Amino acid sequence: MSDSMLTIEQRLRAIEDRAAITELLYVIASGIDRYDGPALQIAIAPDAVLDMGGETPMTGAAFAAGLRAPATPRPGRMHVVSNAIIQLDGDVACAESQIVSWQDQMLDDEQVTRVRAGRYLDRFVRSNAGWQLSARTLIDEWARIDPVDRTPPQGSNLARPAPDDLRYAHLKARA
C-alpha cells in the first residue's frame, strides 16, 4: 500500500515506529560500548538469535549477560550506526543499517586501533513493552588493525563502562 493511501494515523504510527527502532539501534550500540548489560536486556529479547559471525549464534540473554567490562577496560570503544532502512509490517520490522566500530586494543604488547565496518540485518518485534531486537546478523564489509604511534592528550572526562560513565549521571539529571 502506498503512503498516499494510508490514513494520517497510520503514517504517524509508522513515523513513531521508525523513530523507536532507530533509537533502539543507538541504545544497543551504546550498551555494547559501555558494557551495559541491563540496557541490553531491555533492548534485546532474551530469545533473540544473534549471529555476529562467530562459530555459533547466541541468544539475546547470553549476549547481554556475557558482555562484561574487563578488569582494566581499554579507553576508546565506539560503534556508529547509520543509514538505517526500516521496513514495517505491523508489529514486526526488518532493518538494514551500516556500522563502523573502533576499539583501542593491546596486541602483542602494542597499542592498536581495531576498525571494523559492516551491516546489521535486524528483525524487531513489538510487544506490550515496546520494540525489541529479535534477530541480528552481522555482515562484515571490511576490518583492519592500525598501529598507534602516538596519542594526543585527553581531557579528564574519559569514557568508562556502565554505570560509571558520565552519561548515566547526565541522563538521570535530565529526567
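Modeller: Before we start, buried is under 20% relative accessible area, exposed is over 50%, and partly exposed is in between (1.4 Å probe, protein chains only).
Colleague: Got it. What sort of model is this, and how are the residues numbered?
Modeller: It's a predicted model, so local features need pLDDT of at least 70 and side-chain atom pairs count only at pLDDT 80 or more, while totals for chains, interfaces and linings use all residues. Numbering runs from 1 along each chain as its sequence is written, and side-chain values use heavy atoms, leaving out hydrogens and water.
Colleague: OK, salt bridges. How many turn up in the whole structure?
Modeller: Nine. Each one is a side-chain nitrogen of Lys or Arg within 4 Å of a carboxyl oxygen of Asp or Glu.
Colleague: Let's pick one. What does R119 pair with?
Modeller: R119 pairs with E96, and their closest N and O atoms are 2.7 Å apart. R119 sits in strand β5 and E96 in strand β4, so this bridge ties together parts that are 23 residues apart in sequence. Strands here are DSSP runs of E, at least two residues, numbered from the N terminus.
Colleague: And is R119 buried, partly exposed or exposed?
Modeller: R119 is partly exposed, at 23% relative accessibility. E96 counts as partly exposed too, because its value is 25%.
Colleague: Next one, then. Which residue bridges to D140?
Modeller: That's R116, with the closest N and O atoms 2.7 Å apart. D140 belongs to strand β6 (residues 130-147) and R116 to strand β5, so the two join parts that are 24 residues apart in sequence.
Colleague: Why does R116 count as buried?
Modeller: Because its relative accessibility is 18%. D140, on the other hand, is partly exposed, with a relative accessible area of 43%.

Technical notes
Helix = DSSP H or I, 4+ residues; strand = E, 2+ residues; numbered from the N terminus.
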